[in-house]
Amino acid sequence: MSATDKVFAGSIPGIYDEYLVPMIFAVYADDIARRVAARSPSVLLEIAAGTGAVTRAVAAALPRGIRYVATDLNEPMLAVAARRQAGDDRITWRQADAMALPFGDAEFDVVCCQFGAMFFPGRIKAYGEVKRVMKPDGTFVFNVWDRIEDNVLTQEATVALETLFPDDPPRFMVRTPHGYYDQAVIRDDLEQAGFRDISIETRPEISRAPSAEYVATALCQGTPLRSEIEARDASKLQAATDIVAEVIRRRHGSGPVEGKIQAIVIEARP
Ligand SMILES: C[S@@+](CC[C@H](N)C(=O)[O-])C[C@H]1O[C@@H](n2cnc3c(N)ncnc32)[C@H](O)[C@@H]1O
């Protein structure tokens with residue numbers, strides 16, 4: 001993983017929340033919320049909560065009186081989340097690295113995490129931390145993206161950028177968000193961390209966006225792909241966005257855009 005892959009700061013959090021969350025994250029947040037609500041937790045922890053897509057969906061599905069701690073490595077992501085969810089006194093926002101959770105043993109009924117595990121350099125360590133802070137009868141609910149070939153718009157954007165940077169194409173999307181999808185590896189990592197009861201499901205959905213330009217802005221400017229483009233040539237961010245928009249427009253037309261997305265959803269118990 002490159003050092004910038006886990007940095008969600010500067011202009012990224014705002015664009016991420018405005019463009020990317022409705023396009024590809026909200027639909028899976030609803031799925032996580034259904035799974036979490038089915039466990040009727042009183043005290044829950046979210047890791048890698050980002051701008052709060054799951055936090056909002058889960059909070060809407062749970063009653064008053066629960067306690068919900070939402071954490072993320074990057075404060076600027078949590079700042080957007082906290083602003084959007086102001087006034088919900090069930091929720092505490094806290095900066096935390098998934099690999100060193102600042103909580104005591106057996107504090108939480110449920111731990112959830114949406115599209116975060118791919119960013120953890122030490123996944124077994126992070127899963128071990130989840131198991132430690134979870135009650136012995138607790139559940140860890142999380143998801144990861146499936147391979148990039150099953151996530152059409154992201155793949156098309158990645159291929160499009162090869163034309164702008166042929167010698168050193170930005171590979172963030174392949175390397176990190178879509179780099180942890182082997183179900184045998186995920187199961188093995190969880191088992192090494194002490195989980196025993198593990199269910200894994202493949203979940204296809206359709207992503208929708210109002211236009212090709214919207215898709216290009218979301219992917220090129222609202223993710224760490226932005227830093228990777230800027231590291232090659234900071235003046236080319238708009239050119240990169242335009243090239244991706246052009247390729248998406250050619251494939252999907254100049255109106256609203258649809259594309260298959262696919263995730264792997266995991267529920268794990270000790
Ligand atoms: C793709 S975003 C997902 C955010 C949110 N869960 C959502 O569904 O929109 C990945 C998140 O992982 C966070 N992250 C990266 N490394 C992390 C770590 N070691 N511990 C906790 N969070 C981390 C990033 O800050 C970012 O918010």
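Glu129 and Arg132 sit three residues apart in helix 4 (residues 123-133), about one turn of the helix. Helices here are DSSP runs of H or I with at least four residues, strands are E runs of at least two, and both are numbered from the N terminus. The two side chains meet in a salt bridge, 2.9 Å from N to O. By salt bridge we mean a side-chain nitrogen of Lys or Arg within 4 Å of a carboxyl oxygen of Asp or Glu.

A word on the model before going on. This is a predicted model, in which local features need pLDDT of at least 70 and side-chain atom pairs count only at pLDDT 80 or more, while totals for chains, interfaces and linings use all residues. Residues are numbered from 1 along each chain as its sequence is written, and side-chain values use heavy atoms, leaving out hydrogens and water.

## Salt bridges

How many salt bridges does the rule give? The count comes to 30. One of them joins the side chains of Asp5 and Arg175. Asp5 lies in the segment before helix 1 and Arg175 in helix 6 (residues 172-175), so this pair ties together parts that are 170 residues apart in sequence. Arg175 also meets the side chain of Glu228 in a salt bridge. That pair links distant parts of the chain too, with Arg175 in helix 6 and Glu228 in helix 9 (residues 225-233), 53 residues apart.

| Asp5 | Arg175 | 2.9 Å |

Are the partners buried or exposed? Buried means under 20% relative accessible area, exposed over 50%, and partly exposed in between, using a 1.4 Å probe and protein chains only. Asp5 is buried at 1% relative accessibility, Glu228 is buried at 7%, and Glu129 is buried at 9%. The arginines come out as partly exposed: Arg132 has a relative accessibility of 27%, and Arg175 has a relative accessible area of 32%.

## Parallel strands and crossovers

Now to the strands, which count as paired if DSSP finds at least two bridges between them. Strand 1 (residues 43-46) has all of its listed side chains buried, with Val43 and Leu45 pointing one way and Leu44 and Glu46 the other way. In a regular strand, side chains alternate between the two faces of the sheet.

Strand 1 pairs with strand 2 in the parallel sense over four bridges, and Val43 stands opposite Arg67 in strand 2. Right-handed means that, with the strands pointing away from the viewer, the path from the first strand over the helix to the second runs clockwise.

Strand 1 is also paired in the parallel sense with strand 4 (residues 108-114), over three bridges. There, Leu44 stands opposite Val110.

Strand 2 (residues 67-72) and strand 3 (residues 91-95) are parallel as well, pairing over five bridges. Tyr68 has Ile91 in strand 3 as its bridge partner. The chain goes from strand 2 through helix 3 (residues 75-84) to strand 3, again as a right-handed β-α-β crossover.

Asn74 is found in the loop between strand 2 and helix 3. Asn74 counts as buried at 13% relative accessibility. Leaving aside residues up to four places away in sequence, Asn74 touches Lys6, Val7 and Phe8, where a contact is heavy atoms within 4.5 Å.

## The nonpolar core

Which residues touch the most other members of the largest nonpolar core? They are Phe140, Phe142, Leu190 and Phe195, in a core of 92 residues. Helix 1 (residues 12-37) gives the most to this core, with 12 residues. A nonpolar core is a set of buried Ala, Val, Leu, Ile, Met, Phe, Trp, Tyr and Cys residues joined through side-chain atoms within 4.5 Å. In soluble globular proteins, nonpolar side chains tend to be buried together.

Not counting residues up to four places away in sequence, the contacts of Phe142 include Ile32, Cys113, Tyr127, Leu190 and Ile264.

## Cysteines

The structure holds zero disulfides, a disulfide being a pair of cysteine sulfur atoms within 2.5 Å. For Cys112, the closest cysteine sulfur is that of Cys113, 7.7 Å away and too far for a bond. Cys112 is buried at 0% relative accessible area, and Cys220 is buried at 0%.
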